[in-house]
Amino acid sequence: MDLDNIDKYFASRATVRSYTEREVEPSLLTRLIELASHAPTTGNMQLYSVVVTRSRADREALAPAHFGQPQVTSGAGVVLTFCVDINRFHHWCRINGTEAGFDNSQALMYGVLDCALFAQQFNTLAEMHGLGCCYLGTTLFTAPQIAETLHLPARVIPLVTLTVGYPAAPAEVSDRLPVEGIVHEGAYADYTDAAIRNLYASKEGRSDSAAFIKENNKETLAQVYAEVRYPRGMNEQFSKVLDDFLDSTLFNAGDTL
């Protein structure tokens with residue numbers, strides 16, 4: 001194992017949003033999914049599934065649920081919707097004479113952990129095989145719409161969407177907080193105002209951040225995030241959509257099998 005190359009990969013990995021017309025070979029995709037399924041999982045239950053959307057027509061049908069982001073339909077890429085899947089486990093229990101008590105938040109968290117680990121392991125494997133990936137932040141905003149488009153049954157919840165394809169151009173590495181800003185030795189040490197200012201100084205000092213602030217008519221980068229990109233009203237609106245969806249598909253799904 002070449003540790004230097006592995007380190008270089010992780011230090012330089014970047015999100016890819018534009019793909020060529022080269023097909024992501026089905027055999028390669030299947031192999032990567034199989035390898036990704038060896039990610040850690042709660043109790044070895046594998047409470048996840050993935051829906052592959054490949055054709056342009058199907059990707060165009062899915063695009064509105066992702067606010068029309070161009071990477072959904074770019075080139076010959078595929079869209080992978082990683083779902084919390086309690087349906088399969090529930091069915092298995094039913095036909096084996098028992099009842100899964102998984103209509104609750106704890107079970108949802110089992111599935112969220114399983115699904116997120118599976119998706120990230122796939123992402124890493126795909127990039128190591130020359131593919132580019134982009135996480136879409138829209139999945140939990142429009143979960144009911146995605147579930148309808150993909151014909152997801154009760155107890156199957158879209159959690160993570162990745163677009164995957166061969167990169168059309170090099171991608172820029174995103175900035176990150178310094179490691180001392182995320183590590184706490186022994187116990188959590190809360191931040192002073194001075195520490196916070198120091199940790200975010202590099203991010204705030206970037207030219208693209210300055211442009212971001214100016215174009216949104218704000219004074220600070222924090223204001224852009226809290227008032228423009230992720231404002232309270234939007235968070236509360238989509239929280240209600242997600243809460244209602246979870247109530248209908250998991251918490252109060254009833255005996256649908």
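This is a predicted model: local features need pLDDT of at least 70, side-chain atom pairs count only at pLDDT 80 or more; totals for chains, interfaces and linings use all residues.
**View 1. The largest pocket, about 1,200 Å³ of space.** A pocket here is an open set of points on a 1 Å grid over the protein atoms alone, where a 1.4 Å probe fits, with protein on both sides within 12 Å along at least five of seven lines. Volume means the space filled by probe spheres set on the points, which are joined across faces, edges and corners.

**View 2. Who lines the largest pocket.** There are 32 lining residues (each with an atom within 4 Å of a point). Nearest the centre sit Arg-17, Ser-174, Tyr-225, Arg-229 and Tyr-230. Helices H5 (105-128), H8 (207-215) and H9 (221-229) and strand E3 (132-136) each put in two or more residues, with E3 giving the largest share, four. Helices (H or I, at least four residues) and strands (E, at least two) are DSSP runs, numbered from the N terminus.

**View 3. The second largest pocket, about 230 Å³ of space.** Its lining includes Asp-193, Arg-197, Leu-221 and Tyr-225. H7 (193-204) and H9 each supply at least two residues, and H7 gives the most, six.

Residues are numbered from 1 along each chain as its sequence is written, and side-chain values use heavy atoms, without hydrogens and water. Local features need pLDDT of at least 70 and side-chain atom pairs 80 or more, while totals for chains, interfaces and linings use all residues.
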